[in-house]
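Colleague: I am new to this structure and would like to learn how to read its features step by step. Could we look at the model together and begin with what the word for burial stands for?

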Amino acid sequence: MFKLHLKLITIITVLLFIVSCSADTEESSLIAGEEFTSTNIRVLSIDTFAVAFSTMKFDSITTSSEDRVMIGKYTDAAMGIMNTSAYFKLSPSSYYLNNEAVLDSVGLILGYDNYYYNDTTQVATLNIHKLTNKLSSEDSYYYNTSAFAYETTPLVSKTYFPTPNKDSLYVGLPYNFGAGIFDEIRDKTITDEESFYQQLKGLTIRPEDTDNGAVIGFSTASEDTYLRFYYSIPDELETEENTYDISINEYYSHIESDVSGLSLETLIDQEDNLYSPESDHISYNQAGTGYVTKIEFPTIKNLYNIGDKGTILDAILYIEPKVDSYSDIQPLPEELLLYTMDQNNDFASQVTNSEDVVTATLTTDNSEFNQIVYAVPVLDFIDQKLNESPETEDALILISGDYNSTINKIIFNDSEKSNFTTKLIVTYAIYE
């Protein structure tokens with residue numbers, strides 16, 4: 001733990017200098033355990049350390065590691081035009097059909113997984129295209145930027161109103177498309193994965209260019225989303241409709257973000273930073289697209305100037321989300337995870353304490369205005385920064401646990417924009 005030793009007169013003089021801009025600095029007395037028995041303790045609450053925000057963007061993020069694909073398109077005033085498409089490869093569980101089987105119809109069942117973002121009351125379109133190359137990856141992952149060629153003309157276009165609270169959406173496919181696969185499996189022309197991919201390399205589902213509604217999440221579980229063939233067998237004593245299913249075995253979401261004309265368009269490479277004073281004193285977080293807010297405390301080592309013997313008891317960062325940036329259809333995440341980034345904007349590590357990973361929590365500030373804020377425990381990070389050797393230029397970032405499988409945004413107000421609701425409060429104990 002960070003400790004300092006100077007004379008009390010120096011403490012008071014320097015402290016007054018550090019906190020001169022704040023009317024909220026508090027001082028009290030307490031007993032802090034056996035170490036402080038019979039010791040006079042003064043507790044200082046300091047909220048004048050600078051908090052610097054900037055936005056950066058990851059070159060790519062994996063979107064194939066969660067059991068969801070996202071499809072949809074909408075325009076957001078702050079984040080630009082959001083466009084998400086699903087890509088997947090399918091695989092039969094068996095290559096057997098009755099020799100007498102006759103195809104009746106074929107359709108794609110897309111299982112809703114209850115996730116949506118933005119306005120589901122708007123009509124949307126699903127354009128289903130055949131891939132011209134099967135999915136393949138050198139590292140077994142697919143990313144929001146991964147792209148594979150597909151046929152220009154869709155197999156089918158389905159116009160619908162999204163109902164993510166229901167079980168599934170059925171999309172009928174052309175009979176000729178289904179017969180080409182069904183008959184070759186029945187006739188033993190398709191007998192394994194390779195011969196199957198000669199007939200169907202995969203599918204992509206894309207929104208219409210004119211859509212402006214919502215992004216919808218669909219499950220990739222084999223029992224939820226699959227290609228279903230309905231068939232019958234002539235001369236059976238009982239008329240019975242049979243089914244043959246082909247499931248998804250590889251998939252990912254392709255996510256595009258058009259930020260033309262916005263301050264975000266300056267972020268070309270992952271090493272680029274957009275500092276909040278250059279973007280109207282706000283910074284951006286958005287899952288799926290790769291935007292994150294970097295948080296730095298450039299004046300934290302001014303704590304060295306406080307004298308006498310002391311210990312940091314706590315450090316909480318409060319961050320105010322921009323009031324008009326969230327709503328019922330664009331909700332804020334309840335919790336965020338803390339990670340550190342190095343000077344090259346690469347992941348360093350997840351922030352933990354002695355008990356668990358550290359999380360930021362959405363809460364109501366204890367002020368007369370009851371602002372909604374994120375409360376971020378940063379004691380461990382601050383302690384690390386004060387004791388590190390050699391010094392580093394790492395920073396904090398906040399991301400949701402479902403960062404790879406949603407597109408939820410958060411826009412943060414910096415200290416100036418929030419009228420100093422966004423601030424770092426360090427609780428520091430001085431004792432003799």
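Modeller: A residue is called buried when its relative accessible area is under 20%, exposed when it is over 50%, and partly exposed in between. Please keep in mind that what you see is a predicted model. With that scale, D245 counts as partly exposed, because its relative accessibility is 24%, whereas D324, at 60%, counts as exposed.

Colleague: How many residues does the protein have, and what share of them count as buried?

Modeller: The protein has 432 residues, and 51% of these count as buried. Its accessible surface comes to about 20,200 Å², with 46% of that area belonging to carbon and sulfur atoms.

Colleague: What is the general idea behind a salt bridge, and how many are counted here?

Modeller: Side chains of opposite charge can pair when their charged atoms come close. In this model the count comes to twelve salt bridges. One of them joins K89 and E250, whose closest N and O atoms are 3.0 Å apart. This pair links distant parts of the chain, since K89 is in strand β6 (residues 80–92) and E250 is in strand β14, 161 residues apart.

Colleague: Are the two partners, K89 and E250, buried or partly exposed?

Modeller: K89 is buried, with a relative accessible area of 7%, while E250 is partly exposed, with a relative accessible area of 25%.

Colleague: Where does the salt bridge of D245 lead?

Modeller: D245 forms a salt bridge with R228, and their closest N and O atoms are 2.7 Å apart. D245 lies in strand β14 and R228 in strand β13 (residues 226–232), so this pair ties together parts that are 17 residues apart in sequence. Another salt bridge is formed by the side chains of K322 and D324, at 2.7 Å from N to O. Salt bridges that share partners also join D183, R186 and D187 into one network.

Colleague: Which residues gather in a patch of negative charge on the surface?

Modeller: The patch of negative charge on the surface brings together D59, D269, E271 and D346. To find one of its members, look at the loop between β14 (242–258) and β15 (274–275), where E271 has its place.

Conventions:
Residues numbered from 1 in each chain as written. Predicted model: local features only at pLDDT ≥ 70, side-chain atom pairs only at ≥ 80, totals over all residues. Heavy atoms only, no water. Patch = residues over 30% accessible without salt bridge, like charges linked within 9 Å, V, L, I, M, F, W, Y side chains within 5 Å. Areas by Shrake-Rupley, 256 points an atom, 1.4 Å probe, with all protein chains shown as cover. Salt bridge = Lys/Arg side-chain N within 4 Å of Asp/Glu carboxyl O. Lys, Arg positive; Asp, Glu negative; His and termini not counted. Charge placed at Lys NZ, Arg CZ, Asp CG, Glu CD. Helix = DSSP H or I, 4+ residues; strand = E, 2+ residues; numbered from the N terminus. Buried < 20%, exposed > 50% of the residue type's maximum accessible area, 1.4 Å probe, protein only.
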